[in-house]
Every structure is written in structure tokens, then in C-alpha cells.
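Thanks for coming. Please have a look at the sequence and the model on the screen.

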Amino acid sequence: MIGGTQDSHFRPYHLAALLIAIGSIAVAGPTWQRERPPFVADNATLVVAVDLSPTMDAVDVTPSRLERIKLKIHDVVEQRKGARTALIAYSGSAHMVLPLTDDAGLIDTYVDALETRIMPNEGRSMAQALTLAGKILADGGEPGTILVFTDTVDDSAFAALKTSGRNGVIVLGVGTPEGGPVKTPDGGFQSDSSGARLFPKLDVASFNRLKRESSADVATISSDDRDIGWIGERIQTHFQQQIAEGDSRWKDMGWWLMLLLIPLAALFFRKGWVIRWAGMILAAHLAMSVDNARAADWNVVDAFLTPDQQGRRAFDSGDFAGAAALFHDQMWRGTSFYRAGKYAESIDAFAQVQSADSDFNQGNALLFLKKYDEAIASYSRALSKRKEWHEAKANLAIAQELARKEKENEEEDPQDPNDKPDQIQFDDKGKKGKVGTVELGQQTSELWMKNIVVSPTDLLARKFSIEAKGAKK
């Protein structure tokens, strides 16, 4: 057009197109973060393996290598308040000191009890320690991290690390490259057969080889708390990786785009920015989708969040009963009932989903209801659908053990509690005071039990010795 001007202003339909595009992205469910399964523990499990070979009494670090390890373990436990931790001691053989527990006081007690003299076999086998740690984590029902304190990495460890599975491994070297004398319990220092004093060094070459040939995280202890922070970071990294590799699902983050849609939609209220068909479609949608019965119960939140999203908000805030009433997703609804302690209702919700997760969760709820045979059946169904499921195997073993004990108790006490006693006798002498006769044998055994004083260190030494003899047989 001659003399005409081209109108390049931003039109309402441009804004409508932009809103539709952003809304489509929001509905598509963009995500960049995984969502943790509801039954996963909040903190990573950890197994600490301590090398108790004689060289750990070397004093090249103050007060000794072993004493420095104890201080580091105390700091790690303090950092991981409420998290489950197990403890292993090893030299020529590996032995469990404590199973997975969240009792920090108990862990500290047995860490202080560790001494090199309690080990029954000479040598050093990190492979046995890694194998035992893997078994503890498998029995605990979820992967975790293995933290090893040692001054050298023996050859057996390299093959064992290749079979560590999903468990993370951290190896922390203790000692100095210059080495130091090994202190004996009487205050002296160890010597070899020729009379020369032993001076073991930190085997730096073996740690460098381990770092090259495995995926383990390798470092040496520091004189400050830098290593404690590094250990905590590595444990959490392993934890997040294990969750991502497991049965987690991606977290829908599309709702964040609502923050962008709201101010853009507000532009339609400007004078002249009207699209009549948009209002007509909205009015038709409201007329067709909201009946009179639901109009009274309509909530503003319903316009922005789906029932499942509202349920998730209630679940995260700890209102599990309210979440169960909101969720349409039966798995999350069952999980909410489970957390609220309504196990029968949770079973009904889980039963509406045909999956291994549903069978597993039903088994968990049945355990709380003490229906052990039904729980065994549920775990078996879950394992038939997912063969290598360590959590289901562990819980199945627990259910079978509880069922066995229940049957034993029933066999030991077959008498009906409603049966009347055959005979009733009264002891009139009892009114005169506490007069009676104590058998000498009983009195001696009670006194003997009261006078037994066994330190945790001696208790561990006896336990390890019995385990070592049993392994030889």
C-alpha cells in the first residue's frame, strides 16, 4: 500500500499463542529431578570396616593410627545423626562388631572397644571385610556405602571391589609415608626376629593403584575435619545415585510454569485486549464440567492443583490421613494410609494395582497386622514379578521367621486360656512376711552372674575367637 504503515503491535492472539505454548509445556510435565520412592529411608546406610592389623598401633599419627580412626568414626557418626550405621573389624578374617543401628551411643561404645589384640587371625583381608559389608547392606534391605580405614590395600581387595554391586566404597588411608614404630600394650615397641624395630609405612602405591583400577573413592585422613566433610559428601552422592538407579520416577516440575502463566494471562484484562471466543470456551467448560452438587465443594486450589498434587502437598506436610482422602493414585493413597497407621485401608488401596511394588507394600502392611502367612504370600508374588529384589527377599525372610516363632509359641502353649484351673491353693504363711528357702545352686549361680564383669573389648575378643574356630570347622 502506497503511503500505508505496517502495524507491528503485539496482538492479543499473539499472547494467546504464547500462553497455549507455555501451557502445553507445563502439561507435558518437564522434569530434571528424580522423586524418591515413599518407602526409601531418609538417610544413607553406612558400614564402617576398620583394619585391626598390628600395624594400626603405629604412632606416626597422634596418638596412634587406631586411636585416630576411632576419633574419625565418632565424628562421622555425629555428622550422620539418626542414620543407620554398622561396624566391622578385620585382619586375617572379618567379623561384625555391630549390625545396622541408629543408636549413636551404642556405636560409640563399641568403637572405643576396638583393639588390635582382639583379632583371632593374623594377616589382612579387605576382601572378606567388603564381602561381609555387602551382606549386611543386603540384609538391611537397601544399598549403601562401605567406609574402610586401613594403612594398605592388599591384593584381595581389587577383585572384591569389582563385585561390590550398587554399594559405594570409600577407602581412607591412615598413616604417613615416613611410617612410625608400633607400640605394644606394655608401652614398648615391636621388633622383628633380628631385633630391629618395626617401622610400617603408609602404602601409598597400593592406594594409587586402587584409585586407578576401581571406582572406589580413595583419600587419606587429614589432621582437621576436611576428611569428615568429604566423607559425608561422598556418602550422599552414592545415596542419590542409588536412588536414581532404583525404582524412582521423575518429579513433574510443570506446575512451576504457572508462575509465568498467571502474569501473562493478566494482560488480557487490559483495555482492548479481548478475545471473545476465549471467554465463551471458558464459560462452556465451566457449565459442562461443574454441576450443582460439586459447585458447593469447589475450592480455589482445585483450579491450580490436581487432587494428586494436593495429596502430595498434604503428604509432604505430614497430614497422611488428609493425603489419603485426596489422592486418586492408589499407590500414593495406600502409602498415605500406611504412614497414617491405617494398615487395613492401605492394603485395600494397594490391592487395586497389579504390580510388584503393590505386592511388596501389601506385605509390609500385613506384617504390622501380624498376618505373617499372608505377608509371605505377598512378598512371594512380588519376587515372582521382580526376581532380584533384595528388599523383598529380606522382608520375606523376616515374615517367615515371625511366622515360625508364632507357630512355636502356639505349640508351647496349647492350653485354652478360658479353661478353669484344676486346683487352687492358698499360702497362709505368706502373710507373716517374706519367708522362704533358696536353693544353694540357684543362689550360687545368681551371685556368679552378678559378679561377672566383661568389658566390650573382651566380649568382642571372645566372639571373634568363637567365630574363627567355627569357620575353620
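This is a predicted model: local features need pLDDT of at least 70, side-chain atom pairs count only at pLDDT 80 or more; totals for chains, interfaces and linings use all residues.

Residues are numbered from 1 along each chain as its sequence is written, and side-chain values use heavy atoms, with hydrogens and water left out.

The sheet is open and mixed, with 6 strands in the order E4-E3-E2-E5-E6-E7. Helices (H or I, at least four residues) and strands (E, at least two) are DSSP runs, numbered from the N terminus; two strands pair if DSSP finds at least two bridges between them. Strands E4 (94–101) and E7 (217–220) are at the edges, each with a single partner strand, so one side of each has no neighbour in the sheet.

Within the sheet, E5 (residues 145–150) pairs with E6 (residues 168–173) in the parallel sense over 6 bridges. Leu147 stands opposite Ile170 in E6. Helix H2 (residues 65–79) packs on the sheet and touches E2 (46–51) and E5; contact means heavy atoms within 4.5 Å. The direction of H2 makes about 170° with that of E2. Angles run from 0 to 180 degrees between N-to-C directions, and axes are lines fitted to C-alpha atoms, for helices over the stretch in contact. Helix H6 (residues 204–213) lies across E5, E6 and E7, at about 160° to E6.

Now the helix pair. H14 (residues 343–350) packs with H15 (residues 356–368) at about 165°, the axes being 9 Å apart.
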